[in-house]
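User: Hi! I am new to this structure and would like to learn how to read its pockets and its ligand. Could you walk me through them?

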Amino acid sequence: MQTLRTLEALEREGLVTADPLLAAAAETMAIALTPEMLALIDRRDVANDPIARQFVPSAAETRIAQEELADPIGDEARSPVKGIVHRYPDRVLLKPLHACPVYCRFCFRREKVGPGGEALSDTELDAALGYIRARPEIWEVILTGGDPLMLAPRRMAALVEALDAIAHVAVIRIHSRVPIVEPSRIGDELIAALKPRRATLWLGVHCNHARELGGPTRTALMRLADAGIPLLGQTVLLAGINDDVETLDALMRALVSVRVKPYYLHHPDLVRGTGHFRVSIERGQALMRALRGRLSGLAQPTYVLDVPGGHGKVPIGPGYLGDDPEALTVEDAFGAEHRYPR
Ligand SMILES: *Cc1c(COP(=O)(O)O)cnc(C)c1O
Ligand code: SF4
């Protein structure tokens, strides 16, 4: 079984029915649905299935709202050389390629990812590494894309080695969806490539629903953790997929139980044609408030917004301090207010 990459292939699987609006939607972004994810879809109710909704195109993608942006998080404005985004002084993003194992319909880089977008050439990668080498303030390099774990193990090993050779780079962080959606790629050779000799390597995995953590995915995550790689979880808050307390509770517990520490819950970005996935910030805060009372601290992500225009991420979770000028009050996780001395 291969990754499904066309509307016709999805139609043959009974996941869509041909329709001109859907064809128009499919033109705006490549399609990819891996066999592992296909196997998790509940065929009895594809329209509401939290796995199908993430990867199967929908006619709703043709609806573009006025506030939606081609570059929702302002990467372009912060890119000094091709493949690098430098927004915070101490860390840069390095994007070695644009390909992904799946194409998530809500992707914040929806206009950039896809098989048409080339990987950095050797010369371009050298220039990007040169940029990092010349700036001692860069403490951390975050590999993202596209999906860096789509690189062949040999190329991944060479990249990790090149970064490891830059003495001021203390941390190499990789953000990937591969271990979740195409765990068969997590083989011995790739794991061996993720072992810098000097720097520390962290891996953030993108997972939006507990159902994504099926058998092969759990095995891949356990192998990565056994190899000594600390694992972080990133989740996008998505309407109709995970925007209710029970689903988020189950997801965060499932992540912790496979040794993945929930890191960020991302408020969905203002990506063109993704209005059907958007949740209000008020709703996101209410969900975070509900999680606080019922989940271990280990399982609490930080709810963040990437401020449109390239201004970076800020936590937007609920506040627990009152604004009474006379006395400081603090609300506990169960809703009761308490005084605290100023
Ligand atoms: C998200 C992001 C980072 C990483 O932010 P953390 O809060 O450290 O996870 C770094 N640079 C850019 C440009 C980003 O968008
Ligand atoms: S894997 Fe990540 S970068 Fe790729 S389509 Fe999904 S959200 Fe976008």
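Analyst: Gladly! Let us begin with the term: on a 1 Å grid over the protein atoms alone, a pocket is an open set of points where a 1.4 Å probe fits, with protein on both sides within 12 Å along at least five of seven lines, and lining residues have an atom within 4 Å of a point. Points are joined across faces, edges and corners, and the volume is the space filled by probe spheres set on them. In this structure, the largest pocket holds about 870 Å³ of space. Its lining has 47 residues, and the closest to its centre are Phe108, Arg109, Thr144, Gln234 and His266.

This is a predicted model, where local features need pLDDT of at least 70 and side-chain atom pairs pLDDT 80 or more, while totals for chains, interfaces and linings use all residues. Residues are numbered from 1 along each chain as written, chains are lettered from A and ligands numbered from 1 in written order, and side-chain values use heavy atoms, without hydrogens and water.

User: Which strand gives the largest share of the lining of the largest pocket?

Analyst: Strands (E) are DSSP runs of at least two residues, numbered from the N terminus. Strand E1 gives the largest share, four residues. Strands supplying at least two residues each include E1 (84-88), E2 (91-94) and E7 (260-266).

User: How does the lining of the largest pocket divide by class?

Analyst: Ala, Val, Leu, Ile, Met, Phe, Trp, Tyr, Cys and Pro count as nonpolar, Asp, Glu, Lys and Arg as charged, and the others, Gly among them, as polar. The lining has 24 nonpolar, 12 polar and 11 charged residues.

User: Where does ligand 1 sit?

Analyst: A molecule sits in a pocket if more than half of its atoms lie within 2 Å of the pocket's grid points. Ligand 1 sits in the largest pocket.

User: What are the residues around ligand 1?

Analyst: A residue counts as near if one of its heavy atoms lies within 4 Å of the molecule. Among the residues around ligand 1 are Val85, Tyr88, Leu93, Ile142 and Tyr264. E1 gives the most to this shell, three residues. By class, the shell has six nonpolar, no polar and four charged residues.

User: Which side chains have a polar atom close to an oxygen of ligand 1?

Analyst: A polar contact is a pair of N or O atoms within 3.5 Å. A polar side-chain atom of Arg87 lies 2.6 Å from a ligand 1 oxygen, and one of Lys313 lies 3.0 Å from a ligand 1 oxygen. For Arg91, a side-chain N or O atom is 2.8 Å from an oxygen of ligand 1.

Note on methods: A polar contact is a pair of N or O atoms within 3.5 Å; within protein, one must be able to donate a hydrogen and the other to accept it, and residues adjacent in sequence count only if both atoms are side-chain atoms.
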